[in-house]
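Reader: Please show me the structure. I would like to ask about its sheet and its rings.

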Amino acid sequence: CRPQNRAPMTILFISDLHLCEQRPDLTATFLAFLQQQATEAEALYILGDLFEFWIGDDENSPLQQQIAAALAALRQRGTAIFYIHGNRDFMIGKAFARAANLVLLPAEYVLTLEGRRTLLLHGDQLCTLDEKYQRFRRITSWRWLRWIFLRLPLSERMKIAGKMRQGKKGKSLMLMDVTAEAVEQLMRHHQASLMIHGHTHKPARHPLDFDITQADGCTLAAERIVLGDWDRVLTYLKVDASGLQLIEQPVITG
């Protein structure tokens, strides 16, 4: 199969920025990214964990307002913005989406890149060895539980968020990585030959040892692309006329 000829577009993918008040360098880096690289793109896909934690749209902190305004300004300049929830900010809701003028996507979303069915996700559902976390993930997907959580006082939600962050420290790196079985199963389920995700903070391109017959009938070699976090370097995937490029640049300091 050969990809269809289409007009060249620039699409960007990012994840795991973990923006917070304690890291103004990350905020400055992201704002610069929106004003420079992102303005040249037709679309920006944020694959989760834009924020270190999210306890509800009603928090509406100065940082959240600043980021929402910057995203809305980018959209006004013509770049479409799409968002998949991460494991840290899965409570981002419609109010923030309206303020930022972005589109909230489901946890697993398929689009076509260069003729390849491409599966986008945050990636935490691929870490199946971490059975405790997977149980937590299933529980927090219950709508009634989220409804109750959002009706707790803001101060109580902040305490809960702090305890959850502490609980994540010291976890085995093996538990936090994806399993090959989960990757293949999900790609076959969606008939996607390319997977793009974050979560593990291990930026890389991984050719996989199996082929996928896509929904269009094309059989292509499978590949997985992992986006990095923005702790010391910013990482993003750029897709344009020259192909797919996983790019790393220094975080702004000073």
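**Rings and strands**

Ring pairs join Phe30, Phe33, Trp230 and Tyr236 in a cluster; rings of Phe, Tyr and Trp (its six-membered ring) pair if their centres lie within 6.5 Å, and planes under 30 degrees apart count as stacked, over 60 as edge-to-face and the rest as tilted. This is a predicted model: local features need pLDDT of at least 70, side-chain atom pairs count only at pLDDT 80 or more, and totals for chains, interfaces and linings use all residues. Residues are numbered from 1 along each chain as its sequence is written, and side-chain values use heavy atoms, with hydrogens and water left out.

Reader: What type of aromatic pair do Phe33 and Trp230 form?

Author: The centres are 5.5 Å apart. The planes make 80 degrees. The pair is edge-to-face.

Reader: How many residues apart in sequence are the parts that Phe33 and Trp230 tie together?

Author: Helices (H or I, at least four residues) and strands (E, at least two) are DSSP runs, numbered from the N terminus. Phe33 lies in helix 1 and Trp230 in the loop between strand 9 and strand 10, so the parts tied together are apart in sequence by 197 residues.

Reader: Is Phe33 buried or exposed?

Author: Buried means under 20% relative accessible area, exposed over 50%, partly exposed in between (1.4 Å probe, protein chains only). Phe33 has a relative accessible area of 1%. So Phe33 is buried.

Reader: Which residue in strand 7 is the bridge partner of Thr118?

Author: Two strands pair if DSSP finds at least two bridges between them. Strand 6 and strand 7 pair in the parallel sense over 3 bridges. In strand 7, the partner of Thr118 is Leu194.
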